[in-house]
Amino acid sequence: MTEENKVLASVDGMDIHASDVDAYLQSMNPQMAMQFQGEEGKKQVLDELIRQELLLKDALDKKMDEEEEFKKVFQDTKRSLLKSYNFSKTIEGVEVSDDETKAFYEENKQFFKKPESVHAAHILVDDEDKAKEIAQKLDEGADFEELAKEHSSCPSSERGGDLGSFGRGQMVPEFDEKVFSMEDGTVSEPVKTQFGYHIIKRIDSEPETSRAYDEVKSEINMEITRRKQQEKYLEKVSGLEEKYNVVRK
């Protein structure tokens, strides 16, 4: 007997195999499934499968499958599954060639760009006079990171004011306009925003660049596949409208 066929439990004669546990884990959200890795996690999954099997046995004993409410739910579920199944069968077999992805890349290069970004730090204070005082200390050679840790009210103060890298439009307008007009390695005069007064240090930057074909090939493949699948789907339902009586009111 293979490991996946190993019987882990039995409920009234119905075996639960190791493969059932694996299938249950695969059906879960990957992040959630991570919580059930290892022997203890799989034991918890097995316990849940046992509970579900007990519910099934109880439902069958009570002949719930013969109840009208169940029959309606079953028919609704069957209709939904058939729609999904037919859709899957309709769009299967779609293939995308390298020539197609390369052509798409060349025709749409404007959409495959990394926007300009800057790496900056700041010191945020509430008072303009305080901001000017700090700016003066910086002009005299004081360390930016130390002053940020000592005076900045922003949580970034713990990192010496470091805000990381960001693109245009991610900061409030006044801050955004200033930092993108600065040169790398320079420090601004106090800049007023709704949050207070910022002294900005532009650490470095990355210009707008085009993403390489190999970097975006899989994205392009997915997009072309989606378009081809949509085309097949619409083509099929268009033909079905001619076959079946459709009345729009």
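The domain assignment of the protein chain, whose bounds come from an automatic or database assignment, gives domain 1 (3–61), domain 2 (67–104 + 211–248) and domain 3 (116–207). The C-alpha centres of domain 1 and domain 2 lie 32 Å apart. This is a predicted model, in which local features need pLDDT of at least 70 and side-chain atom pairs count only at pLDDT 80 or more, while totals for chains, interfaces and linings use all residues. Residues are numbered from 1 along each chain as its sequence is written, and side-chain values use heavy atoms, with hydrogens and water left out.

According to an unreviewed UniProt entry, the annotation "domain: PpiC" covers residues 115–204; UniProt positions are given in the numbering used here, feature names are shortened, and annotations may be inferred rather than shown by experiment. The end C-alpha atoms of this span, residues 115–204, lie 15 Å apart, and the span is 30% helix and 30% strand, where helices (H or I, at least four residues) and strands (E, at least two) are DSSP runs numbered from the N terminus.

An open sheet of four strands has the order S5-S4-S7-S6 with antiparallel pairing, two strands being paired if DSSP finds at least two bridges between them. Strand S5 (162–167) and strand S6 (191–193) stand at the edges with a single partner strand each, so one side of each is left without a neighbour in the sheet. Neighbouring strands of this sheet are turned by 45° against each other on average, direction ignored; axes are lines fitted to C-alpha atoms, for helices over the stretch in contact, and angles run from 0 to 180 degrees between N-to-C directions.

Strand S4 (117–125) is joined to S5 by five antiparallel bridges, with His119 opposite Ser165 in S5. S4 also pairs with S7 in the antiparallel sense over nine bridges, and here Val118 stands opposite Ser205 in S7. Three bridges join S6 to the antiparallel strand S7 (residues 196–206), and the bridge partner of Thr193 in S7 is Gly196.

Note on methods. Contact means heavy atoms within 4.5 Å.
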